[in-house]
Every structure is written in C-alpha cells, then in structure tokens.
Amino acid sequence: MKRSVLLGLFVTASMMASTSFAADKPADLCDANIQTINNAKGQLSSSPELSQRAETSVSKAQALKAQGKIDDCVAETSQTILELRKSTGTNN
C-alpha cells in the first residue's frame, strides 16, 4: 500500500513538473530555428535568392515573436529551414 501511494505521488509530481518545463518550449523552438537560419546564411553566399529568403524569414519571425505569435514564428522558421535544406541538399 505504501509503495502504491509513493508511486502515485512520484508520477503526479513528475507530470506536474514536465508541464511547467514544457511551457517555454515553443518560444525556445522559435529562437532555435532563427539561430539555425542565421547559421545557415554563411553557406548561402553562392545563392543570393536563398540568402534573401532566409533574411526575410528571420525578420518576419522576429516580428511575429515580438507580437507574441510564437506558433506562427515556429511555422515560418520551420518552413524556411525545410526550403533551405531542400535547396542545399542537406538533411540535417
């Protein structure tokens, strides 16, 4: 009986802790995607069109983040990262 209660308390505590840590994840993902695009810009020097697309996407994503539209920021940056990977032939 004591083990069941302790196990229940442990599971409850871990579930509550995981939701509080996950609360900032979308904003972190937005920042991580922006950083990924900024890092990829150095490899885009041979393609001015892609470089311009990356710059536009970062500007738009930062504006969306400032407006509190984190989901839109993540969507914008994720789409740009996919486009950059397709055009450069990398799957990282």
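User: Why does E76 count as buried?

Analyst: E76 has 12% relative accessibility, and buried means under 20% relative accessible area, computed with a 1.4 Å probe on protein chains only, with exposed being over 50% and partly exposed in between; therefore E76 counts as buried. This is a predicted model, in which local features need pLDDT of at least 70 and side-chain atom pairs count only at pLDDT 80 or more, while totals for chains, interfaces and linings use all residues. Residues are numbered from 1 along each chain as its sequence is written, and side-chain values use heavy atoms, leaving out hydrogens and water.

User: What makes E76 and K60 a salt bridge?

Analyst: Their closest N and O atoms are 3.5 Å apart. A salt bridge is a side-chain nitrogen of Lys or Arg within 4 Å of a carboxyl oxygen of Asp or Glu, so the pair of E76 and K60 qualifies. E76 lies in helix α4 and K60 in helix α3, so the bridge ties together parts 16 residues apart in sequence. Helices here are DSSP runs of H or I with at least four residues, numbered from the N terminus.

User: How do you know that K60 is partly exposed?

Analyst: K60 has a relative accessible area of 45%, which falls in between the limits for buried and exposed, so the label is partly exposed.

User: Which residues are joined with E76 into one network?

Analyst: R53, K60 and E83 are joined with E76 through salt bridges that share partners. Within this group, E83 and R53 meet at 3.0 Å, N to O. E83 lies in helix α4 and R53 in helix α3, so this pair ties together parts 30 residues apart in sequence.

User: Why is the pair of D31 and K65 called a salt bridge?

Analyst: The closest N and O atoms of D31 and K65 are 2.4 Å apart, which meets the salt-bridge cut-off, so the name applies. D31 lies in helix α2 and K65 in helix α3, so parts 34 residues apart in sequence are tied together. D31 is partly exposed at 34% relative accessibility, and K65 is partly exposed at 30%. The structure holds 4 salt bridges.

User: Which residues touch the most other members of the largest nonpolar core?

Analyst: Of its 15 residues, these are C30, I34, I37, L44, A54, C73 and L84. Helices α2 (25-40), α3 (48-66) and α4 (70-88) each give two or more residues to this core. A nonpolar core is a set of buried Ala, Val, Leu, Ile, Met, Phe, Trp, Tyr and Cys residues joined through side-chain atoms within 4.5 Å.

User: What is C73 in contact with, leaving aside neighbours within four places in sequence?

Analyst: C73 is in contact with C30, I34, A61, L64 and K65, where contact means heavy atoms within 4.5 Å.
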